[in-house]
Amino acid sequence: MIIQTSAAPAAATMQDDEVLEARNVSVSFPIRGQGIWPLNRQREIPAVRAVQSVNLSVRRGEMVGIAGESGCGKSTLARAFVRLQPATGGSVTLSGTPIDNLPALELREQVQMVFQDPYNSLNPRRTAGSIIMESLVVHNRGTSAERRRLAVQMLERVGLTEAHFDRYPHEFSGGQRQRIAIARALILDPKFLVLDEPTSALDVSVQAKIIALIEDLRRHLRLGCLFISHDLNLIGYLVDRLAVMYLGRIVETGPVERIFANPLHPYTAALMAATPKPVAGAQTDRAPLEGEIPSNVRVPKGCPFHTRCTKRIGAICDTVLPAPRMVDDREVRCHLYNEAPIAPAPNGALA
Amino acid sequence: MTRQPRAISSPVDNALTPGLGPGGSSLMSHLLNENVQVHRVTSIQIPENSAAAAPLLQIRGLRLHFHTKTGLVRALEGIDIDLAPGECLGIVGETGSGKSMTARAIMGLVPHPGSIEGGSIKLEGQELIKLSQKEWRKIRGRQISMVFQEAKRALNPVSTIGNQIIEAAVQAQGVSRARAKELGISTLAKVGLPDPARIMDSYSFELSGGMAQRVMIAIAIVGGSKLIIADEPTSALDVSIQAQILRLLRDLRRDLGSALILITHDLGVAAENCDRIAVMYLGQIVEMAPAQMLFGNPVHPYTCSLMASLPSAADRGKPIGRATRHVPPPAGYRYSTRRLPDGSISPEISHMIEVEPGHFVACLPE
C-alpha cells in the first residue's frame, strides 16, 4: 500500500521518521463552463493551478515558513497538508504513509490547523470550553470530567483561565480567540501544527504575545510547525526554514538566515526589498516590482516569474521552466543558477 | 472634566532649538540625566524651515465623542496637529486608537452617533467645524480629498470609472463634462494606469486591487486638493503592489505639492514614507516626531512597547513584545498613559511636551 517513489527531494533527510512531507504535490481547481451556452465552452477545461509540483517537508520540532503574495498557493498548500483540500497530484505523507490512506481520526490526532481569522473560525454558539473539548468527544477520549480537566489545563496553557471556560467567542478579543483556536488545535496533543496566517488579523502588540505563545508551545511540545505568512519581518523572526512561493511553485527554499542574508531568486530579493522596514532612516527610493501577479489560470510559460523579473537572461526564461537546483544550502528555481556550480553572490548583491 | 491651562512656548525657547538638532544617542544620554530642559507648548511647531510657512491644516484640542447606548466613548480627546503645505504626516496606531476617526473628523464625515465636542480644525485659516453640508461640499474634493482603504468597496460597482472620475472633476472644478473627461483620462495616465481611455469605460470589478487603488487616487487628485488623506491605502494589497502605490503617492506629492496624511497600522510603511509621524493610543496622540527621530529615539512607553512588538529577522531568538527601553519622563511630568489602574480611561487631557526639537510626547504634570 505504501509506495515509495523517487520523487522525494534530495534535500530531505530521513533519519527522523516523524516528518510531514509534501511530495510533488499539485492542487488545481477546474473552472467549469464559460457561460450558459454550451457552444461557448472551451474544449479544454481551464483550471486554476493553485499549487504545482511542490516538495516540502516539516520535521518534528521544526518551524517551516511559507511566504508569498496572495494567490501564490500558500494557503491551498497548507490545506493540502491537513487534507482539507485533497491534492490533485502527488501526495502528502506523514512519516512515510500517504495521508490519504490514513483514517481521518488518526490523521487529525497527529496534524492540526490554526486558521487565519479567529472571528470566523470559532462557532459563535458554543462556549470556549465546548469548542476545545469537542475533539476529545469526537475522539472518544476520557470521561466528561476528565475532558473538562484537560480543557481547563489547556486554557491555562495558552494563557487563559478557568473563568473563560463558559464564555462565548463574542466575549473574547481577537487575541484571546486565537488562543482558544490554538488550544483547540493542541488538545489532542498533535505532532504537527499548520498555522495559516494566525496573526494577520491582530494588532502588532497582540501578535507579539501570540507569537511568543506559539514559540513556547513549539519548544515544549516539540511540534513541527508549518507557518504561513505574507509578513517577511515576522517570517524572518520566527521560522527555521523558509519556502518562498510564486504562482503555485516554490522558487526558493532553505535556512531562513541564509535567504535573508542573501536572497538568490530575483523574486525573493524583490519581495524582501518591497517589505517596509520599521527602522530609523528607512526612507528609500527603491524600484518596486513592476506589474501585477499573472493569473493562475494562464500561468506564464517557462519561468512563471519571467514577466516581472528584472534579471531575465534571455529567451530561455520565457520558454523553459527552470529546474530546482541546490545553491549555497538552498534549492532555487531560476535559470541564473542553472549553469555548473556557481559561487554564491556576495551578501546583498541582489537586494 | 476640566481642560488644563496651557503655557505658550516663548520665542526664546524656539530660538534655543533651531533646526532638527543632532542624532538620538547624545540626546538619549541627555534625557537620562534628567537635566533636559523641556518646553511646554501649545502649538506644535513644524520642523524644517517652516517659520514662514503658515500651516495648511491646524487642529487644536479636537474632541470627538460617541454617545452610545452603552455609554460615552471618548474616541478623540485633545488632538493637536499642524501640517505644513506639501508635508507627509503619518498617523500610526492600533485598532481603536482613533486614527481613522481623526481622518473622518477632518473630512467632516463623523459617523452617527459621534459628534465633535470641542476643538477646532482650520484649513488655511478657515474653521471647518460646524460647516453646513452645502459648505462641506465645496471643501471635499476641492481642498481635501480622501483615499479609502478598500478601493473596490469604495468605488461604485454600477457606475463606470469614467463616470465617477468625471463626476469628481465636474464637482470640484466646475468644468464641462467634455473637459472633465479629458481631465479624467490625463489623471488616470498620471497615476500610472495603462490605456486610460479603456479604464474610463471599465467597472471597478474589472480592475485588480492595485489598479482600483490607483483609480481612487486619481479621483482624489483630480480636483487639485492641497490635502490628501489616505486611510490605510495599502492594507489590503500585497507588498509588491503596496510598494508601487506608496511610490505613486510619493511621486504625486512631489509633483503636485499636496500634503498627505497617511494613516496606517504598519510602522514600516510610516517609517519609509512620512516626514513626521504621530503615534496614537486610545484617542490621543502620545508621541509625534520626525520619522527618523521617532524610530531612532522613541520616548513614550507606549511607543517603546509598540516598537518592541515588531518582529524582525535581526531579533531572532530574542523575546518580542516586552519593551526593554525606558526613558524617564521630563522633570516635573509623568507620561500620559490614558489607562487608569482600574482599566477605565483617564479623562485628563495631556500636554505635548517637546523633549528635543520637533519631538513631542504626551505628558501630565506630576
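## Exercise 1: A covered helix

Helix α9 (residues 266–274) of chain A is mostly covered, since eight of its nine residues are buried. The model is a predicted one, in which local features need pLDDT of at least 70 and side-chain atom pairs count only at pLDDT 80 or more, while totals for chains, interfaces and linings use all residues. Residues are numbered from 1 along each chain as its sequence is written, chains are lettered from A and ligands numbered from 1 in the order in which they are written, and side-chain values use heavy atoms, with hydrogens and water left out.

**Task.** State which residues of α9(A) are buried and what covers them.

**Solution.** 
Step 1. Recall the terms. Buried means under 20% relative accessible area, exposed means over 50%, and partly exposed lies in between (1.4 Å probe, protein chains only). Helices (H or I, at least four residues) and strands (E, at least two) are DSSP runs, numbered from the N terminus.

Step 2. List the residues. The buried residues of α9(A) are A:P266, A:Y267, A:T268, A:A269, A:A270, A:L271, A:M272 and A:A274.

Step 3. Identify the cover. From chain A it includes α7 (232–238), β9 (241–246), β10 (249–255) and α8 (256–261), and from chain B it includes α10 (239–256).

## Exercise 2: A glutamate in a strand

**Task.** Determine whether A:E252 is buried or exposed, and which backbone nitrogens lie by polar atoms of its side chain.

**Solution.** 
Step 1. Locate the residue: A:E252 belongs to strand β10 of chain A.

Step 2. Classify it. A:E252 has 0% relative accessibility and therefore counts as buried.

Step 3. Examine its side chain. A polar atom of the A:E252 side chain lies 3.2 Å from the backbone nitrogen of A:L264, and a polar atom of that side chain lies 2.8 Å from the backbone nitrogen of A:H265.

Step 4. Consider its neighbours. Contact means heavy atoms within 4.5 Å. Leaving aside residues up to four places away in sequence, A:E252 touches several residues, among them A:L264, A:H265 and A:T268. A:T268 is also one of the buried residues of α9(A).

## Exercise 3: Side chains joined in loops

**Task.** Find which side chain is in polar contact with that of A:E62, and which with that of B:N297.

**Solution.** 
Step 1. Define the term. A polar contact is a pair of N or O atoms within 3.5 Å; within protein, one must be able to donate a hydrogen and the other to accept it, and residues adjacent in sequence count only if both atoms are side-chain atoms.

Step 2. Take A:E62, in the loop between β2 (47–59) and β3 (63–67) of chain A. A:E62 is buried because its relative accessible area is 10%, and its side chain is joined to that of A:R241 by a polar contact of 2.7 Å.

Step 3. Take B:N297, in the loop between α12 (291–296) and α13 (301–308) of chain B. B:N297 has 1% relative accessibility, so B:N297 counts as buried. Its side chain makes a polar contact with the side chain of B:E356 (2.6 Å).

## Exercise 4: Backbone angles in chain B

**Task.** What is phi of B:D195, and what is phi of B:E232?

**Solution.** 
Step 1. B:D195 has phi near 55°, a positive value in a residue other than glycine. B:D195 is in the loop between α7 (177–190) and α8 (196–200) of chain B, and counts as partly exposed at 43% relative accessibility.

Step 2. B:E232 has phi near 45°, also a positive value in a residue other than glycine. B:E232 is buried, with a relative accessible area of 7%.
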